[in-house]
Every structure is written in C-alpha cells, then in structure tokens.
Amino acid sequence: MNKETNIPYKIYLSEDEIPRQWYNVRADMKNKPAPLLNPATLKPMTFDDLRPVFCDELIKQELDDTTPYIDIPDEVMDFYKMYRPSPLVRAYFLEKALGTPAKIYYKFEGNNTSGSHKLNSAIVQAYYAKKQGLKGVTTETGAGQWGTALSMASAYFGIDCKVYMVKVSYEQKPFRREVMRTYGASVTPSPSMETEIGRKINAEHPGTTGSLGCAISEAVEVATKTEGYRYVLGSVLNQVLLHQTVIGLEAKAALEKYGVTPDIIIGCAGGGSNLGGLISPFMGEKIRGEKDYRIIAVEPASCPSFTRGKFAYDFCDTGMVCPLAKMYTLGSNFIPSANHAGGLRYHGMSPILSQLYDDGLMEARSVEQTSVFEAAQQFARVEGILPAPESSHAIRAAIDEALKCKETGEEKTILFGLTGTGYFDMVAYQKFNDGVMMDYIPTDAELEKSFETLPKVNL
C-alpha cells in the first residue's frame with residue numbers, strides 16, 4: 001500500500017464483481033459501424049448468409065447494434081473465475097523511474113496460461129460451438145496468442161481445433177505452437193499447400209512469410225468445406241470486441257473503487273480486440289456526453305492501418321472469400337515485412353473502432369519497433385513483467401505521455417492495457433538485445449499498390 005495515496009499497487013475486484021454482462025458500445029454509437037457485405041452481391045450480410053461460417057449465437061451478437069448489455073452465460077462465468085478478475089496495477093515503479101507527476105495504471109491480462117486477453121473471447125466462441133453441437137472450429141493466429149487461447153478453450157469444451165498460423169510466426173515462435181498442440185490443436189503454417197487458397201497464394205507470392213489475411217482465408221475454406229465445423233476469429237469482429245469488454249468494465253470498476261478517473265486511455269491496435277475491450281465502457285460515457293477521455297490507439301509503423309490506411313470496404317482476408325468490412329485498411333493483399341516482430345500484423349482495423357476513429361472520438365499513432373522494444377525493456381526492468389511485444393506498443397505511448405507530463409508538470413492519470421506476457425517472444429527480444437532489430441516502414445508506393453486491390457463498392 002502506498003501511504004501517500006492510499007491506493008494499493010494492485011487493485012483486485014472480488015469474484016462477485018466480475019461483470020455478468022458484456023457492454024455493446026454500438027448501442028450508444030450515433031454512427032453505427034457499416035454492415036458486412038456479401039462479396040457476391042454487395043448486399044448487407046444476413047443471418048442466413050453468415051450461418052455457413054459462424055456459430056448461430058455469435059451471428060446474433062455480430063448483427064446486434066441496439067442491445068446495450070448482453071448476458072454472459074453461466075458456463076462462461078464459471079471459466080472466467082479461473083483467472084478473472086485480472087489485476088489493475090498502479091505502476092509506481094515506472095512512475096518513479098520516469099520522474100513523472102503522471103499517475104500510470106495498467107490492466108494486466110497475462111495472468112492465464114494462454115498469456116493474453118484472447119482467452120476472454122475464445123472461451124465464449126468455443127462454448128457457443130459446443131452448445132450448437134459442432135464437432136470443431138477453425139481459426140487463424142498471428143503471433144500465436146489467439147491460437148493458444150482457442151486451443152485451451154476447445155480442450156475445455158471437448159471440441160476439435162484447427163489453427164492456421166502465419167508462417168513467419170510458426171517458425172519464430174515454436175513454443176507457442178507447442179502449447180497449442182499440447183492442448184490438442186492441429187497447427188499448420190500458413191499459407192500452406194493443404195487448401196486451394198493456400199496453394200493459390202503460394203503460387204502468386206513464392207516464398208511468402210504469410211499474413212493474417214492469408215491464414216483467415218485458409219481457416220474459412222476448411223470450415224466451410226468440413227461438416228460440423230465453423231470458423232471463429234480472435235479480433236476485428238463486433239462479437240469479439242463485445243466479449244473483450246470484460247477488460248474495460250473491470251478496469252473501470254477498480255478505478256472507481258478509489259475515485260480515480262483516467263485522463264488518457266491507451267491500447268495497442270492490430271485488429272482491435274484489446275483496444276476495443278479496454279475503451280468501450282469509457283467510450284460509451286464519452287459518446288453519451290457524461291465524461292470526456294483522450295483515447296489513443298497505438299499501432300506498428302510497419303502495419304499502420306489507422307494512420308496510413310484508407311477507410312473503405314475491403315475483404316477481411318487475402319483470398320477474398322470472406323465478407324467485406326468497412327474499416328481502415330492497407331488492402332487485403334498487404335503482407336507486413338518479415339522483419340516486423342511485434343505482432344499486430346492484420347491489414348485492417350475493427351469496423352467499430354474504424355467508425356469511432358473516423359468520427360474523431362479517438363486518436364491514433366504509429367511507433368517503430370525498436371522504440372517499442374526499448375519501452376518493453378524499460379518496463380520489464382522496473383515493473384517485473386516481461387510484456388508481449390503487442391502490449392509494448394501501448395507501453396511506448398504511455399511512457400511518452402508520462403514524459404510529456406514531466407515537461408509540463410501536469411498530473412494526468414494514464415490507463416493502458418497490458419494485453420499479455422512476452423515469454424514466447426524471445427526471438428524478437430533476442431534480435432533487439434543483439435542490436436540487429438531493424439525498423440521497417442512501408443513506402444507510399446507499396447501502400448498505393450496494395451490500395452489498388454481494394455474492391456470497388458459504391459453505396
């Protein structure tokens with residue numbers, strides 16, 4: 001306990017204080033996210049259109065723009081209690097090291113075997129698949145957190161799990177792959193030669209290191225061609241952001257216990273699951289005019305969907321078989337450089353977050369990976385947690401904002417999301433420690449080439 005402020009280093013809620021409902025920010029949004037479009041007809045996707053791909057109950061959540069709170073099933077609540085509530089930590093040691101008057105808090109989601117926040121949605125999607133009587137699920141994974149979480153959730157409910165893992169991560173993160181296999185999942189490097197789309201991508205891009213867009217295409221193909229299977233996704237979709245709101249709801253409740261209101265809320269941004277989950281309850285207050293917050297999305301400079309992308313309809317996958325989503329995108333053919341080690345590799349951003357960003361309700365910045373790992377190292381040395389590279393994008397921005405407070409003397413309160421731990425990301429840490437990590441920023445010409453592949457949608 002810090003005697004000066006009377007706020008503990010770690011703020012824990014009780015089991016009884018775990019949220020029993022998810023918060024659907026779309027219900028409060030004045031401009032709703034644009035609907036998913038059928039790629040064949042360019043008409044909004046209906047429940048029946050989505051049934052071959054997603055579980056029935058998840059489709060209902062995906063399409064629901066009006067219900068503000070959705071009950072969490074009892075079976076999911078029972079599982080949540082194994083690792084939730086997660087701690088909210090006051091970063092006293094980081095504040096001291098920075099010499100800042102800012103007060104820094106982080107919501108730590110790495111206190112489960114999957115090592116990240118992804119389990120919050122994985123268990124929900126596995127539950128609905130089991131409830132529907134399905135045999136199994138297919139999915140993609142980039143750095144491996146989502147695949148790990150889904151393999152755990154699938155094992156818990158006794159269903160099969162097929163994971164298509166971005167090839168560069170499959171090769172660089174063998175231990176995360178082995179965690180998935182330990183939980184019973186099959187793991188295939190993507191693009192593979194096992195699917196029609198994988199063979200096509202390999203032919204068009206010989207030697208490609210893959211992307212989330214490639215892996216999504218393969219997972220969807222297998223799900224739609226295998227009886228008793230459905231596809232599940234770990235980010236981007238409305239349903240996923242909904243499930244992840246347990247993060248923001250818990251963080252808000254923990255802060256309110258001590259009368260703390262954040263001025264700045266920061267989250268890393270790849271597809272949007274962590275960021276959306278953290279900010280949604282606060283964003284709801286902002287939209288309703290009850291409070292104001294400065295909300296910052298932090299993305300990698302090598303995959304800058306928000307800061308350099310276009311707000312347009314695009315395919316969610318490289319194979320162009322999935323629905324079209326209106327989002328900030330770099331183009332579904334965009335493949336991040338293999339040099340990029342920090343996760344957050346998806347070409348587009350959640351339609352919910354894209355709309356909020358376009359409406360000016362949040363801001364975004366991109367950061368280079370060497371500065372991200374500098375922040376990760378500084379954080380690890382004073383706070384005692386080795387952060388995931390993805391989380392470290394938020395750490396970078398939090399440190400930068402705290403240093404601005406040091407310059408101005410302002411005592412702002414900063415909240416950021418620590419999405420998980422980085423113990424399976426040691427290849428990236430090794431490159432940083434050896435001084436061989438390089439920054440890569442795509443050129444305007446590279447992005448323009450990718451933008452040329454955007455579908456022509458006139459609505």
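Tutor: Helix α10 is mostly covered, since 12 of its 14 residues are buried, where buried means under 20% relative accessible area, exposed means over 50%, and partly exposed lies in between (1.4 Å probe, protein chains only). Helices (H or I, at least four residues) and strands (E, at least two) are DSSP runs, numbered from the N terminus. The model is a predicted one, in which local features need pLDDT of at least 70 and side-chain atom pairs count only at pLDDT 80 or more, while totals for chains, interfaces and linings use all residues. Residues are numbered from 1 along each chain as its sequence is written, and side-chain values use heavy atoms, with hydrogens and water left out.

Student: Against which elements do the buried residues of α10 pack?

Tutor: Packing is read from contact, which means heavy atoms within 4.5 Å. The buried residues of α10, among them Leu-212, Cys-214, Ile-216 and Val-220, pack against β6, β7, β8, β9 and helix α9 (196-204).

Student: What should the 14 residues of α10 span, and how far apart are its end C-alpha atoms?

Tutor: The expected span of a helix is 1.5 Å times one less than its number of residues. For α10, residues 212-225, that comes to 20 Å, and the end C-alpha atoms are 20 Å apart, which agrees.

Student: In what order do the 4 strands of the open sheet stand?

Tutor: Strands of a sheet pair through backbone hydrogen bonds, either parallel or antiparallel. Two strands count as a pair if DSSP finds at least two bridges between them. Here the order is β8-β7-β6-β9, and the pairing is parallel. Because β8 (186-190) and β9 (229-231) stand at the edges with a single partner strand each, one side of each has no neighbour in the sheet. From one strand to the next, the twist averages 25°.

Student: How many bridges join β6 to β9, and what lies across β6?

Tutor: Strand β6, residues 136-141, is joined to β9 by 3 bridges, and Gly-136 has Tyr-229 as its bridge partner in β9. Helix α6 (residues 145-157) lies across β6 and β7 (160-166), running at about 165° to β6; axes are lines fitted to C-alpha atoms, for helices over the stretch in contact, and angles run from 0 to 180 degrees between N-to-C directions.

Student: What is the order of the open sheet of 7 strands?

Tutor: The order is β1-β4-β5-β15-β10-β11-β14, with mixed pairing. At its edges are β1 (10-11) and β14 (363-367), each of which pairs on one side only. Arg-90 has Tyr-105 as its bridge partner in β5, and Ile-104 is partnered by Ile-414 in β15. Strand β5 is mostly covered, with 5 of its 6 residues buried.

Student: How many disulfides does the structure hold?

Tutor: A disulfide is a covalent bond between the sulfur atoms of two cysteines. In a model, the test is a pair of cysteine sulfur atoms within 2.5 Å. This structure holds 0 disulfides. The sulfur of Cys-55 is 12 Å from the closest cysteine sulfur, in Cys-161, which is too far for a bond. Cys-214 is in no disulfide either, for the nearest cysteine sulfur, that of Cys-322, is 12 Å away. Both cysteines are buried, Cys-55 with a relative accessible area of 1% and Cys-214 with 0%.

Student: With which residues is Val-246 in contact, leaving aside its neighbours within four places in sequence?

Tutor: Val-246 lies in helix α12 (residues 245-257) and is in contact with Pro-19, Trp-22, Ile-72, Tyr-80, Arg-84 and Asn-120. Its C-alpha atom is 8.1 Å from that of Tyr-23, which is 223 residues apart from Val-246 along the chain.

Student: How many helices and strands does the protein chain have, and what is its radius of gyration?

Tutor: The protein chain has 19 helices and 15 strands. Its radius of gyration, taken over C-alpha atoms, is set against a globule rule of 2.2 Å times the number of residues to the power 0.38. The value is 20 Å, close to the 23 Å that the rule gives for 459 residues, so the chain is as compact as a globular protein of that length. Buried residues make up 62% of the 459 residues.
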